Amino acid sequence: MIRWIFLCTFLFVSGVIELSYAVEFQDCGSKIGHFTKITVSNCDTSKAACEFVRNTNASLIIDFIPSQDVSKIEAVVHGIIADVPIPFPLPHPNVCTNTESNIQCPLKKDTQYTYKAVLSVDRNYPRLSVIVKWELQDENKQDIICVKIPVKIK
């Protein structure tokens with residue numbers, strides 16, 4: 001009986017520990033929309049962070065629904081290290097004119113859209129853990145969506 005209780009307790013604690021390491025995509029202030037699904041290429045969601053390998057590309061797909069009509073979208077990305085946001089310039093931040101983004105503007109409220117982006121992970125980036133803050137902002141610089149993605153650069 002004691003072995004049975006020990007086994008059940010061990011399995012429960014193991015499950016809790018495993019769940020605590022799962023990647024969590026955190027909303028960081030979406031104002032005029034919300035995301036419904038986020039996919040990061042080669043991200044093992046059972047780990048604490050998505051692993052980005054230097055000298056490769058990482059793909060990001062965000063399904064989202066704006067709560068109002070939007071005529072312009074700009075992607076704004078920061079790497080947060082020790083609570084300090086560091087801007088990460090994108091080669092094509094204007095989502096509406098970037099054909100790779102899969103978005104055609106204007107956007108209609110309450111309609112689901114799928115945004116796609118490719119992030120180059122430079123071979124000179126340091127090996128470290130970082131929170132990637134990805135925002136899609138409307139013409140008034142309001143966050144349609146804002147998501148924080150835990151990343152470990154390898």
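**Figure 1. Cysteine 28 and its disulfide partner, cysteine 146**. Cysteine 28 is partly exposed, with a relative accessible area of 23%, whereas cysteine 146 is buried at 0%; buried means under 20% relative accessible area, exposed over 50%, and partly exposed in between (1.4 Å probe, protein chains only). The model is predicted: local features need pLDDT of at least 70, side-chain atom pairs count only at pLDDT 80 or more, and totals for chains, interfaces and linings use all residues. Residues are numbered from 1 along each chain as its sequence is written, and side-chain values use heavy atoms, with hydrogens and water left out. The sulfur atoms of cysteine 28 and cysteine 146 are 1.9 Å apart (a disulfide is a pair of cysteine sulfur atoms within 2.5 Å). The torsion about this S-S bond is about -90 degrees, so the disulfide is left-handed.

**Figure 2. The disulfide of cysteine 43 and cysteine 50**. The S to S distance is 2.1 Å, and both cysteine 43 and cysteine 50 are buried. A torsion of about -75 degrees makes the link left-handed.

**Figure 3. The disulfide of cysteine 96 and cysteine 105**. Here the sulfur atoms lie 1.8 Å apart, and the link is left-handed, with -70 degrees about the S-S bond. Cysteine 96 is partly exposed at 22% relative accessible area, as is cysteine 105 at 26%. The structure holds three disulfides; with the bonded cysteines of the protein chain numbered in sequence order, the pairing is 1-6, 2-3, 4-5.
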